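Thanks for coming. I will go through one structure today, starting with its strands and then turning to a few single residues. Please have a look at it first.

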Amino acid sequence: HFFFLFAWGDVNDGGAINYHGADGKFVSDSRIDATNCVLSPAPQCNQATVSPTPRISIKPCSAERLCLDGRSCYSARWGTYNGNTSRVFFELTTTLGSNKWVGIGFSNDKIMPMTDIVTGFVGGSGETIQDRYASARFLPELDDDQSQLADQCGTSSDNEVVIVFSRSVETSDSSDLALDRSLYFLFAWGDVNAGTITYHGADKFVSEFRINATNCVFSPAPRCVITDGAVATSASLSIV
């Protein structure tokens with residue numbers, strides 16, 4: 001016999017449940033044995049036709065989370081590019097609006113503390129892509145050394161933000177994890193407020209297996225034109 005707790009609340013655009021608050025919960029006053037009950041009438045949904053679509057897809061070289069309406073809320077892909085095996089390219093995309101940031105993290109244990117993170121968004125002056133480190137469960141601090149990121153570009157529209165960057169496989173920054181190791185990847189996105197990323201809330205997911213990004217090839221070409229990269233030229237890149 002157990003006490004039963006009941007709750008309800010909103011579902012966000014990413015298909016994740018939000019906090020129920022004080023008005024979205026109650027609890028039984030007595031213990032309940034559910035096996036003493038008979039479910040009648042029949043359920044209000046047709047169980048025979050229920051075929052849920054997988055909402056999260058994570059592969060060795062890409063990841064995606066679907067919205068409730070089937071759109072891609074967030075996607076990421078990574079790999080070496082143009083034969084340069086000393087750097088890994090990343091492309092992060094969200095289709096939830098232009099005032100969004102996207103991020104990716106690299107971890108030894110699938111949780112946010114002690115995680116190497118890169119976040120990016122596109123504003124009026126162009127893309128802002130930042131190397132960060134999360135020492136705990138709060139806004140990741142900016143790395144003192146931002147020079148490890150290169151080949152940066154970004155595009156935005158009414159419904160989409162695309163961020164591209166590359167990072168050295170190994171860096172001299174003690175807060176960066178080597179990308180040729182097998183790491184868990186963390187993915188997140190959220191709103192931008194006055195040029196600053198805000199808390200992602202439930203808009204996050206993590207790989208269930210370790211990933212070695214150097215085993216992947218970044219293809220097709222990035223979806224924005226890189227102008228500051230040494231390993232890629234505008235002639236080899238195109239907007240698609």
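Two strands count as paired here if DSSP finds at least two bridges between them. The strands themselves are DSSP runs of E with at least two residues, helices are runs of H or I with at least four residues, and both are numbered from the N terminus. With that in hand, strand 13 and strand 14 (residues 196-197) pair in the antiparallel sense over two bridges.

A word on the source. This is a predicted model, in which local features need pLDDT of at least 70 and side-chain atom pairs count only at pLDDT 80 or more, while totals for chains, interfaces and linings use all residues. Residues are numbered from 1 along each chain as its sequence is written, and side-chain values use heavy atoms, with hydrogens and water left out.

Now the overall picture. The protein chain has 15 strands and zero helices. Of its 240 residues, 43% are buried, where buried means under 20% relative accessible area, exposed means over 50%, and partly exposed is in between, with a 1.4 Å probe and protein chains only. Taking the contacts in the chain with a separation of 6 or more, 57% are between residues 24 or more positions apart; a contact means heavy atoms within 4.5 Å.

Back to strand 13, which covers residues 184-193 and has eight of its ten residues buried.

Strands 13 and 14 form a hairpin with two residues between them. Is Ala194 buried or exposed? Its relative accessibility is 78%, so Ala194 counts as exposed.

Lys110 also has a positive phi, about 75°, without being a glycine. Lys110 sits in the loop between strand 7 and strand 8 (115-123), and with a relative accessible area of 30% it is partly exposed.

Six strands make it up, in the order 3-4-5-6-12-11, with antiparallel pairing. Its edge strands are strand 3 (56-59) and strand 11 (149-156), each of which pairs on one side only. Strand 11 is joined to strand 12 (residues 161-168) by six bridges, and one of the partner pairs is Thr155 with Val162.

Then two cis peptide bonds. One runs from Ser40 to Pro41, with omega near 5°, and Pro41 is in the loop between strand 2 (25-27) and strand 3. Another joins Ser219 and Pro220, with omega about 5°; Pro220 is in the segment after strand 15.

Last, the surface. The chain exposes about 13200 Å², and carbon and sulfur atoms supply 53% of that.

Notes
Areas by Shrake-Rupley, 256 points an atom, 1.4 Å probe, with all protein chains shown as cover.
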